[in-house]
Amino acid sequence: MTTITESDVGILCFISNLPGFRGILKQRYSDFIVNEVDTEGNVVHLTSLDAPPEVVEERETKISDQLNKDYASEIEKFRSLAGDTDADRLEALINLITSGSEEDIPPIVLSPDSDKSHRTAMHNFFKENLRFLVTDTVDGPDSSSKCIRVRLNSGNNNGGRNSKKRKQRGDKPYDSRGSSHWPEHLGRFLRFHLYKENKDTQEALGLIGKMLGIQPRSFGFAGTKDKRSVSTQRVTVFKQHASRLAALNERLIGIKVGDFCYVKDDLLLGQLLGNRFTIILRGIVADSEEIIKESAESLGRHGFINYFGLQRFGSGSIPTHRIGATLLKGEWKVAASTILDPREGDILYIKTYLVSKAREYYKETGDIEGTLRKLPRHLVAERAMLQCLKKCPGNYLQALKAIPRTLRMMYVHSYQSYLWNHAASMRVQKYGSNEVVLGDLVYCKGNDAENENVKVVPSEHEDSNLEDADDCSQLDEISGTDLPEGKINPVKAITEADIRTGNYTVEDVVLPMPGSRIIYPANDIANVYHDMAKKDGISLTESVHNIKEFSITSMTGSYRRVFQKPIDFEWELLSYTDSSIALSETDLDKIAKTKPLNLIKDEKLTNGTEGQDPLDHIEQSESCEDDKICSTGNVDVECSREAEPPEGAGKSDSQETQKALKLALTLPSSCYATMAIRELLKTSTSVAFHKTLNQ
């Protein structure tokens, strides 16, 4: 299978000249722990699986009280507001509800009413007096009137004896985003900590949403986390009670939710400072322990080149930046074909074999309906394009626009990253990594920020929360264009006077992500951008088409630091004999010390052997029906459900002692931990390469 290499995307240089050493990255997914760092600088941990009891008790008491009382006075009050006919209808409905009938209770529709203010008073009556009922407005018998519909509030219209599936009910729920009656003293959003093992963020939230009966868009989160890892992050959901989510913990495998609280606002992409990583590099082999020590200390002192990692460009045979280049050139049909056509290497896995057959079928027959039946649902971009082409044959631009915005913009951002990486490598190759040079761009300090010659644009996009996302099909929520603008920083080019005063160091150096409002370095590094783009037939100053979202000249652009030091960096050299033993403690491990074993038993199953991963439980995943033929020497880019290594992998028959390097570091959200690891090992960070080390 042909996959891109680091050199293909401009990842060429290192800071230190130390020799590097052998180490296996992510031999087990539990060797890579990610904890989000919130905007206040707090590291997010899962510490409790329990729902706040007071909220649950308050709601249950209110509902119970209301269903066991006499409503004569409320009905008479309603009679004066609505008249005898509607009051009698309401009384009959209430009697049916309080009788404990096991039958489905149909709604009632009140008399036509063309007076909007009167209808508002009616709605308010139910909210104030009969909270176990919900109302909405439906069309009346003529165009000038409306009717109020009344029915039992079944919580969130998704369960209980009086609810049916929406397609059976034949009407919409009263509030598709959450519970219909929401306590006034609670914030509208439930915030919780999501703990997941070997699952990407979208997959985990999709499952939780399915169990709750709500759409994935009901959730808010600050950034996606690596699939092959153990991670904890904040999530918000609109008008859901903590008790409902906490109850899912007994059914969820590889996922836990907890640390619930109610807040006023939902989380948006980019609302985080970064991530705290705990990483185990196993099977360490070096000429001496001194080399390991020197390399670790060098990483802490000097940091690493802040490249966009391989994950930014996808792990398939068609890199995302190539698709981005065709979009920038306005080659809509070529771009569409690149996304839809068969890809080299697909046949190595059952799941990707089926994908390959679907792609080949479409290329040979052009049968959209047949292809859609064959194409798995997780291929979001392909399915969206085909659905559009079915309605608008031959309109490839429209088909590309049918792809969710955050995913389609990822292609263009990937090309920007491709140029940035090459420019960063040229900067290091020509001028080293020790000092600033004439023409370097830096974030301004002090009085320089007031200088009329400086340029002010947003700092780097906080969009690199794709740390080890497996495939571009999973990047549909991570585009930098949809993120809040970062801190506004003025940027200037280094002058001779700056070099003499020594006000700036190499840590201040930035390089631009191409756009209309950035400046390029005032030295020959600027040529790298234009020369490489020209080779691809792209101009960074003029657009060949007027489709703004696919034009660099219509993008603002941003800046990114060239060098990054790890924050709160710690390291430790460990010894082990059994590669199946965990060398770091997860949040769930810590909870297990204080909780009964049965609450966490499911999680312990997730470290099973290949082909027996309980994460493939049918209730929780419709993908990867059979991954048993997967070759461990390759990467399953379409369906990379990776199990822990088979027993014995990575250790000798004699159970000889091996070494592992444990790292703990915090990085801003725009940085890749894999690039820090690369600086240590001086080897490729590709998944395929590290899998070969297991053999």
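Reader: How do you know that S4 and strand S5 pair, and in which sense do they do so?

Author: In this predicted model, S4 and S5 (residues 146-152) share 7 bridges in the antiparallel sense. Two strands count as paired from at least two bridges, so with 7 bridges they qualify. Along that pairing, Val138 sits opposite Cys147 in S5.

Reader: What makes S3 and S4 edge strands?

Author: The open sheet has 3 strands in the order S3-S5-S4, with antiparallel pairing. Strand S3 (108-109) and strand S4 (133-139) each pair on one side only, and that puts them at the edges.

Reader: What lies across S4 and S5?

Author: That's helix H4 (residues 116-129), running at about 160 degrees to S4.

Reader: How many disulfides does the structure hold?

Author: It holds 0. A disulfide would need a pair of cysteine sulfur atoms within 2.5 Å.

Reader: Why is H9 described as roughly perpendicular to H15?

Author: Helix H9 (residues 320-328) and helix H15 (residues 405-431) pack at about 100 degrees, with axes 7 Å apart. The perpendicular range is 65 to 115, so H9 is roughly perpendicular to H15. The residues of this contact divide into 8 nonpolar, 4 polar and 2 charged. Among those meeting are Ile323 and Leu327 in H9, and Tyr411 and Val412 in H15.

Definitions and conventions:
Residues numbered from 1 in each chain as written. Predicted model: local features only at pLDDT ≥ 70, side-chain atom pairs only at ≥ 80, totals over all residues. Heavy atoms only, no water. Axes fitted to C-alpha atoms, helices over the stretch in contact; angles between N-to-C directions. Helix = DSSP H or I, 4+ residues; strand = E, 2+ residues; numbered from the N terminus. Parallel < 35°, antiparallel > 145°, perpendicular 65-115°, else oblique. Contact = heavy atoms within 4.5 Å. Nonpolar A, V, L, I, M, F, W, Y, C, P; charged D, E, K, R; others polar.
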